[in-house]
Structure formats: structure tokens, C-alpha cells
Amino acid sequence: MLAIYSTDRKTTMTDALIDALNDAFPDRPLRIGTRSSPMAKHQASDVRDRIQKRIPGLDAELVPMQTSADLWPGDLAELGGKGNYTKEIDRALMAGQVDIAVHCMKDVPGDVPLPAGLAFGCLP
């Protein structure tokens with residue numbers, strides 16, 4: 001988890017985030033958790049590419065995962081709903097197995113609060 005602080009009024013939050021990411025991952029890649037479906041990997045690749053465009057030289061890798069919803073052959077309601085597309089990836093994020101998670105908005109349940117300690121951000 002990254003904490004970003006800046007007392008320099010000339011430093012933007014984007015600059016602070018770039019500096020924090022460069023400092024946080026000098027010896028290993030930024031690990032991006034995503035579902036293993038082709039669409040999910042494409043979206044996560046886009047996020048990786050956008051990050052690397054802003055932070056040249058930052059190594060980043062996709063960590064594809066199959067979720068319980070990917071493996072479930074029946075009605076998702078029987079499994080507990082569409083949140084099953086995201087919960088394993090969120091658990092990996094909270095356990096430090098990945099550094100960020102990329103989810104498709106269609107997979108994110110709107111009626112379930114985020115796990116404690118996670119923040120939500122979006123890309124258009």
C-alpha cells in the first residue's frame with residue numbers, strides 16, 4: 001500500500017504518485033492483478049501501458065487469475081452474485097500478492113462495500 005504525501009505546493013498529486021511508484025518498485029515489477037479472460041487481460045494491459053507511459057522504465061507485469069465466478073458453471077446468484085469475479089483478486093491485493101487490481105466495471109458489484117483498506121479508482 002502506498003501513502004503519498006507532498007508539502008511542496010508545486011508538486012502535483014500525479015508527480016507525487018509517479019515518485020511513490022518509482023520508489024516503491026525499484027527491484028521488482030509492479031504486479032497487476034486481473035482476471036484471466038482475454039477481455040480482462042486486454043484491459044489490464046491498457047492500464048499497464050498507461051502507467052508505463054507516465055513512468056518510463058517502470059517494470060510492470062500482469063498476474064492473471066481465475067476467479068470462482070470464472071469456474072462456476074451455473075447461475076451466479078447461486079454462488080453469491082457477480083462480486084465473485086473480483087473477490088479473489090481483491091484478496092490477493094490485500095495479501096500483497098499483487099500491487100493493484102484491474103476490474104471491468106461490469107464485474108464490480110454496486111451493492112457491496114469495498115473491503116477495508118482498498119480504494120477505488122477509474123479510467124475512462
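How many bridges join β1 and β3, and in which sense do they pair? I started my notebook there, working with a predicted model. I found that β1 and β3 pair in the parallel sense over two bridges. Looking for a facing pair, I saw Gly33 opposite Ala101 in β3.

Next I turned to the other partner. Strand β2 (residues 60-65) runs parallel to β1, and I noted six bridges between them. Ile32 stands opposite Leu62 in β2. I then followed the chain from β1 through α2 to β2 and logged this β-α-β crossover as right-handed.

Is β1 buried or exposed? I looked up its six residues and found six of the six buried, so the strand is largely enclosed by the rest of the structure. Both faces are covered: Leu30, Ile32 and Thr34 lie on one side, with Arg31, Gly33 and Arg35 on the other.

Then I went to the largest nonpolar core, which has twelve residues, among them Leu30, Ile32 and Phe25. The elements giving two or more residues to this core are α1 (13-24), β1 (30-35) and α2 (38-54).

My last stop was Gln97, in the loop between α5 (87-94) and β3 (100-101). Apart from neighbours within four places in sequence, Gln97 is in contact with Arg31 and Ala92. I also jotted down a C-alpha separation of 8.5 Å between Gln97 and Gly33, which sit 64 residues apart along the chain.

Note on methods. Residues are numbered from 1 along each chain as its sequence is written. This is a predicted model: local features need pLDDT of at least 70, side-chain atom pairs count only at pLDDT 80 or more; totals for chains, interfaces and linings use all residues. Side-chain values use heavy atoms; hydrogens and water are left out. A nonpolar core is a set of buried Ala, Val, Leu, Ile, Met, Phe, Trp, Tyr and Cys residues joined through side-chain atoms within 4.5 Å. Buried means under 20% relative accessible area, exposed over 50%, partly exposed in between (1.4 Å probe, protein chains only). Helices (H or I, at least four residues) and strands (E, at least two) are DSSP runs, numbered from the N terminus. Contact means heavy atoms within 4.5 Å. Two strands pair if DSSP finds at least two bridges between them. A crossover is right-handed if, with the strands pointing away from the viewer, the path from the first strand over the helix to the second runs clockwise.
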